[in-house]
Amino acid sequence: MRMFSEILKQLSAEGDLETSRVQYSVVDGKGGYFQNVKRILEFSQTKIVLQGKKSKVTVEGEGLSVGKYFGGDATVLGNIIRVERETC
């Protein structure tokens, strides 16, 4: 996702951005794209927990599923209602 990379590049130029944490972009009603994912800790249709190197992200919603998980990238499909980050 080239656009996502360009956004991260601009944000890191404006301040101290920690790129080793799980980074994500959510599309309302469709799902989200997550980078720097090391493992999936929890999975159900209402909650998915993704572990990164320095953070954990909890995704809550309806009809959630994992569309792709490879090479540190994951797509979560479904209606995402809430995303919460926890620093490890």
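This is a predicted model: local features need pLDDT of at least 70, side-chain atom pairs count only at pLDDT 80 or more; totals for chains, interfaces and linings use all residues.
**Entry 1**

I began with Glu-86, which is partly exposed at a relative accessible area of 44%. Residues are numbered from 1 along each chain as its sequence is written, and side-chain values use heavy atoms, with hydrogens and water left out.

I then looked up the partner of Glu-86 and found a salt bridge with Lys-56, the closest N and O atoms being 3.7 Å apart. The pair links distant parts of the chain, since Glu-86 lies in strand S6 (residues 73-87) and Lys-56 in strand S5 (residues 55-70), 30 residues apart. For a salt bridge I require a side-chain nitrogen of Lys or Arg within 4 Å of a carboxyl oxygen of Asp or Glu. Lys-56 is also partly exposed, with a relative accessible area of 22%.

**Entry 1. Other salt bridges**

I searched the whole structure and got three salt bridges. Glu-84 forms one with Arg-82, with the closest N and O atoms 2.3 Å apart. I list Glu-84 as partly exposed at 39% and Arg-82 as partly exposed at 42%. Glu-42 forms another with Lys-47, at 3.9 Å between the closest N and O atoms. I find Glu-42 partly exposed at 37% relative accessibility and Lys-47 partly exposed at 28%.

**Entry 2. Elements and strand pairing**

I count one helix and six strands in the protein, and from the N terminus on they run α-β-β-β-β-β-β. Helices (H or I, at least four residues) and strands (E, at least two) are DSSP runs, numbered from the N terminus. I call two strands paired if DSSP finds at least two bridges between them.

I followed the strands from S3 onward. S3 (residues 39-43) pairs with S4 (residues 47-51) in the antiparallel sense over four bridges, and the two form a hairpin with three residues between them. Arg-39 has Gln-51 of S4 as its bridge partner. Gln-51 in turn has Lys-56 as its bridge partner in S5. S4 and S5 run antiparallel and are joined by five bridges, with a hairpin of three residues connecting them.

I count 13 bridges between S5 and S6, which also run antiparallel. Ser-55 has Thr-87 as its bridge partner in S6. The hairpin of S5 and S6 has two residues between the strands, and in it Gly-71 takes a positive phi near 60°.

Is Val-49 buried or exposed? I record Val-49 as buried, because its relative accessibility is 6%. Val-49 is in strand S4. Leaving out residues up to four places away in sequence, Val-49 touches Arg-39, Ile-40, Leu-41, Glu-42, Lys-56, Val-57 and Thr-58; contact means heavy atoms within 4.5 Å. I also looked up the C-alpha to C-alpha distance from Val-49 to Val-59, which is 6.2 Å at 10 residues apart in sequence.

Ile-40 sits in strand S3 and is partly exposed at 31%. I find Ile-40 in a nonpolar surface patch of about 270 Å², together with Phe-43 and Tyr-69. Patches are made of residues with over 30% relative accessible area and no salt bridge, where like charges are joined within 9 Å and nonpolar side chains (Val, Leu, Ile, Met, Phe, Trp, Tyr) within 5 Å.

**Entry 3. Core and totals**

Which residues make up the largest nonpolar core? I find 11 residues: Val-22, Phe-34, Val-37, Ile-48, Leu-50, Val-57, Val-59, Leu-64, Ala-74, Val-76 and Ile-80. S4, S5 and S6 each supply at least two residues of this core. A nonpolar core is a set of buried Ala, Val, Leu, Ile, Met, Phe, Trp, Tyr and Cys residues joined through side-chain atoms within 4.5 Å. For Ala-74, I looked up contacts beyond four places in sequence and got Gly-32, Tyr-33, Phe-34, Val-37, Lys-68 and Tyr-69.

Of the 88 residues, I find that 32% count as buried. The protein exposes about 5,700 Å², with carbon and sulfur atoms supplying 48% of it; accessible areas come from the Shrake-Rupley method with a 1.4 Å probe, and for residues only the protein chains shown count as cover. Among contacts with a separation of 6 or more, I note that residues 24 or more positions apart account for 41%.

Methods:
Buried means under 20% relative accessible area, exposed over 50%, partly exposed in between (1.4 Å probe, protein chains only).
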